[in-house]
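Please open the structure in a viewer and keep the selection tool at hand. The stops below proceed from the whole chain to single residues.

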Amino acid sequence: MGGVFRHELTVSDPEVLTALGERTGMRFGYSTDDPGFSYLLSRAGDEHLAVSTVHVGGSMSFWGDTEVFTVAHVHGVRYDWQIREESGAAAAGSSVLFRPEHPSLVVAQDVDVTLVHLPVDLVQQTADTVYGERTPAAFASAASAGDRWGQCWSALARHGAAVVASEAFDEPLVRAELARRLAVGLLECFPLVGDRAERYLSMEAQAHRYRIAVQFLDDGASHPVTVEDAARAAGTTSAALVRAFRANHPLGLTPVQYLRRVRMDAAHRDLAAGDPTAGDTVKGIAARWGFAHPGRFAQLYRELYGTTPRHTLEH
């Protein structure tokens with residue numbers, strides 16, 4: 001992957017699909033003897049994520065391996081798959097997980113497929129963060145963890161396809177949040193090797209620490225509190241608190257970033273309520289909330305609120 005890319009094309013020669021698949025880490029060969037075969041592809045992605053929507057007209061088969069985790073969510077007439085010793089049919093709205101070092105064979109006919117491609121290192125980093133321990137991103141099956149989890153992935157796949165089809169996907173923050181959401185969804189919706197109950201205990205502990213730390217930082221932002229203070233209040237280490245924030249904050253902020261945002265919001269309120277004729281200054285308000293460098297404060301302020309702190313104070 002690498003850089004934002006978009007593909008929209010129709011293919012009638014299955015040999016072309018091999019080169020297209022390599023862009024997203026799919027090392028497959030394709031064949032068909034159906035004279036009515038067609039393959040319509042819409043795809044968008046970057047170095048962390050790609051989502052493809054595909055319509056296969058007629059019948060085809062493909063086989064090979066993948067460098068990334070790829071989940072196929074399928075609707076249509078036929079999508080028979082075999083991955084090592086597992087096999088199944090996914091044509092009725094179910095999903096299949098393709099994994100590195102798991103040779104696969106698929107026979108498809110008249111299907112619509114949404115493919116989510118996630119790099120192994122991203123999924124592993126997400127597993128480390130979400131579960132708070134070294135949990136290998138090794139999956140026990142190509143099928144979802146159950147009907148409820150299959151429905152959950154179906155909703156995620158639809159959401160992912162809608163986001164990548166929109167102009168918002170060009171924005172880095174949108175892509176980062178979507179990649180994070182899909183990576184967490186993959187880890188939750190498909191069975192990992194190991195004890196799921198232990199992972200949930202770890203997740204619950206992280207969520208508890210996160211809530212305590214957020215409340216501590218919200219309450220103490222006007223005082224000289226630090227992230228280390230928040231970690232002690234939550235009964236954990238600074239490194240573990242970072243993982244808890246990465247796993248639970250909607251934007252994946254670290255504790256340092258969160259505290260800075262809380263203080264920036266407070267400075268924004270003071271600027272909006274300030275009176276320059278009474279002696280209020282941008283420099284003084286910034287310093288009050290811990291921002292010693294006016295230029296850096298102004299840059300951060302503009303990024304968050306789309307205007308300058310001086311404009312807010314004077315209007």
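The model is a predicted one, in which local features need pLDDT of at least 70 and side-chain atom pairs count only at pLDDT 80 or more, while totals for chains, interfaces and linings use all residues. Residues are numbered from 1 along each chain as its sequence is written, and side-chain values use heavy atoms, with hydrogens and water left out.

Display the chain as a cartoon. Its secondary structure comes to 11 helices and eight strands; these are DSSP runs, numbered from the N terminus (helices: H or I, at least four residues; strands: E, at least two). Along the principal axes, the C-alpha atoms fill a box of roughly 80 × 40 × 25 Å. Of the 315 residues, 47% count as buried (under 20% relative accessible area; exposed is over 50%, and partly exposed lies in between, with a 1.4 Å probe and protein chains only).

Next, select Leu49, Leu118, Phe139, Trp153, Leu182, Leu186 and Phe190. These residues have the most contacts inside the largest nonpolar core, which has 32 residues. Such a core is a set of buried Ala, Val, Leu, Ile, Met, Phe, Trp, Tyr and Cys residues joined through side-chain atoms within 4.5 Å. Two or more residues each come from strand E5 (69-83), strand E8 (104-118), H2, helix H3 (147-164) and H4. Centre the view on Leu182: leaving aside neighbours within four places in sequence, Leu182 is in contact with Leu49, Val51, Val116, Leu118, Trp153 and Leu156.

Now select helix H2 (residues 120-131) and helix H4 (residues 172-189). How do they pack? The angle is about 75°, with the axes 9 Å apart; the axes are lines fitted to C-alpha atoms over the stretch in contact, and angles run from 0 to 180 degrees between N-to-C directions. H2 and H4 are therefore roughly perpendicular to each other, a class that covers 65 to 115 degrees. Show the side chains of Leu122, Val123, Thr126, Ala127, Val130 and Tyr131 in H2, which meet Ala179, Ala183, Val184, Leu186, Leu187 and Glu188 in H4.

Move to helix H7 (residues 238-248), whose buried residues are Ala240, Leu241, Ala244 and Phe245. They cover an arc of only 140° around the axis, which puts them on the same side of H7; the arc is that of the directions from the helix axis to the C-beta atoms.

Finish at Val256, in helix H8 (residues 255-273). At 51% relative accessibility, Val256 counts as exposed.

Conventions: Angles under 35 degrees count as roughly parallel, over 145 as roughly antiparallel, 65 to 115 as roughly perpendicular and the rest as oblique. Contact means heavy atoms within 4.5 Å.
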